[in-house]
Protein chains: 2
Amino acid sequence: MTMNISEVARRAELPTKTVRYYDDIALVKPNGRSEAGYRTYGNVELSKLVFVRRARAFGFTIDECRELLGLYEDEERNSADVKAIASKKLAEIEAKQRELQLLHDELAHVVKNCHGDDRPNCPIIDYLS
Amino acid sequence: MTMNISEVARRAELPTKTVRYYDDIALVKPNGRSEAGYRTYGNVELSKLVFVRRARAFGFTIDECRELLGLYEDEERNSADVKAIASKKLAEIEAKQRELQLLHDELAHVVKNCHGDDRPNCPIIDYLS
DNA sequence: GCCTTACATTCCAGCTACTGGAACCTCTGG
DNA sequence: CCAGAGGTTCCAGTAGCTGGAATGTAAGGC
């Protein structure tokens with residue numbers, strides 16, 4: 001399964017520009033180049049791109065993504081290290097889940113309590129103050 | 001309850017630099033200035049800052065935050081509009097929740113399946129490929 | 001074989017959302 | 001009155017893309 005940049009980008013749900021940028025900064029490298037110099041990608045690279053997209057969407061920095069990808073790549077690293085880093089990131093994600101729930105609830109409150117007709121003065125204003 | 005910038009920043013869990021920046025771009029304005037020109041903040045501004053911090057942490061842009069804050073502020077806007085915008089954002093947040101769960105599960109898989117001793121070769125490598 | 005169209009390349013400029021630092025002013029306690 | 005903490009503005013720099021120009025290449029129709 002070998003793909004050009006636009007196909008891997010489409011599947012990873014990332015702009016091609018971003019995929020090219022991730023190559024430039026050596027975050028996710030193509031698995032090779034064609035005769036003409038086109039980047040080629042396989043399924044492993046696709047998985048990494050999807051993973052990075054998700055991690056980036058939740059505020060992990062590029063360097064943190066590098067660290068997270070390292071979990072999959074560095075077979076030399078012993079698995080106690082892997083487990084320690086992954087556990088730390090997992091705790092961060094769980095904290096993010098709780099915060100996201102709070103944001104969700106705040107907005108749900110708006111949706112639930114605004115009557116949805118044309119009367120002005122949404123009750124959320126009192127709620128916030 | 002009136003606060004200086006450092007106190008409101010501490011409570012909102014934002015850097016003072018960022019709070020000052022949000023004033024500059026007119027996202028969250030202080031409720032006034034002291035004699036000496038110090039920014040002053042009340043509870044409403046604090047709530048807004050917390051709300052913005054959460055929204056920003058999940059990839060909403062500054063302009064989207066402006067729109068979301070508008071839900072609380074614009075008493076002229078009829079509540080059908082408010083409800084429509086809030087519902088749209090709520091759907092986005094729910095999509096983010098599902099994506100975050102996927103990221104969580106992927107990492108949990110690492111934590112669960114890496115034996116956590118010093119044997120190399122974490123099984124996640126096979127899982128990804 | 002050539003033309004068109006779509007897609008690829010590099011490079012460089014610009015944008016968003018901060019972030020650090022300099023130079024300076026002000027409030028507070030000893 | 002002075003030190004130190006915390007406030008101000010302004011300007012420069014960073015992270016992570018993102019758009020555009022100039023150019024090269026693969027694939028199907030005439």
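Where in chain B is the place of Ala26(B)? In this predicted model, Ala26(B) sits in the loop between helix 2 and strand 1 (32-33) of chain B. Its phi is positive, about 60°, although the residue is not a glycine. Most residues other than glycine have a negative phi. Ala26(B) is exposed, with 8 other C-beta atoms within 10 Å, and the cut-off for an exposed residue is 12 or fewer.

Glu13(B) also has a positive phi without being a glycine, with a value near 60°. The loop that holds Glu13(B) lies between helix 1 and helix 2 of chain B. Around Glu13(B), 10 other C-beta atoms lie within 10 Å, and the residue is therefore exposed.

Two packed helices are described by the angle between their axes and the distance between the axes. For helix 1 and helix 2 of chain B, the axes come within 9 Å and cross at roughly 105°. These two helices of chain B are therefore roughly perpendicular to each other. On the side of helix 1 of chain B, the contact is made by Ile5(B), Ser6(B), Val8(B) and Ala9(B). Helix 2 of chain B contributes Thr16(B), Val19(B) and Arg20(B) to this contact. By class, the contact between the two helices has four nonpolar, two polar and one charged residues.

The secondary structure of chain A consists of six helices and two strands. Read from the N terminus, the order of its elements is α-α-β-β-α-α-α-α. Chain A has 129 residues, of which 26% count as buried. Of the contacts in chain A between residues at least 6 apart in sequence, 39% link residues at least 24 apart.

Helix 3 of chain A covers residues 43-57, which is 15 residues. From its first C-alpha to its last, helix 3 of chain A reaches 21 Å, close to the 21 Å expected at 1.5 Å a residue. Its buried residues are Glu45(A), Lys48(A), Leu49(A), Phe51(A), Val52(A), Arg54(A) and Ala55(A). Just after this helix, Gly59(A) adopts a positive phi of about 85°.

Two or more residues of the surface near DNA strand D come from each of helix 2 (16-24) of chain A, helix 1 (5-12) of chain B and helix 2 (16-24) of chain B. Helix 2 of chain A gives the most to this surface, with three residues. By class, the surface near DNA strand D has six nonpolar, seven polar and five charged residues.

Around DNA strand C there are 18 residues, of which Ser6(A), Arg39(A), Ala36(B), Thr61(B) and Ile62(B) come nearest. Here the elements that give two or more residues to the surface are helix 1 (5-12) and helix 2 of chain A, together with helix 2 of chain B. Helix 2 of chain B supplies the largest share of the surface near DNA strand C, three residues.

Definitions and conventions
Residues numbered from 1 in each chain as written. Chains lettered and ligands numbered in written order. Predicted model: local features only at pLDDT ≥ 70, side-chain atom pairs only at ≥ 80, totals over all residues. Helix = DSSP H or I, 4+ residues; strand = E, 2+ residues; numbered from the N terminus. Nonpolar A, V, L, I, M, F, W, Y, C, P; charged D, E, K, R; others polar. Near = placed C-beta within 6 Å. Buried ≥ 20, exposed ≤ 12 C-beta atoms within 10 Å, placed from the backbone. Contact = placed C-beta atoms within 7 Å. Axes fitted to C-alpha atoms, helices over the stretch in contact; angles between N-to-C directions. Parallel < 35°, antiparallel > 145°, perpendicular 65-115°, else oblique. Expected span 1.5 Å × (residues − 1).
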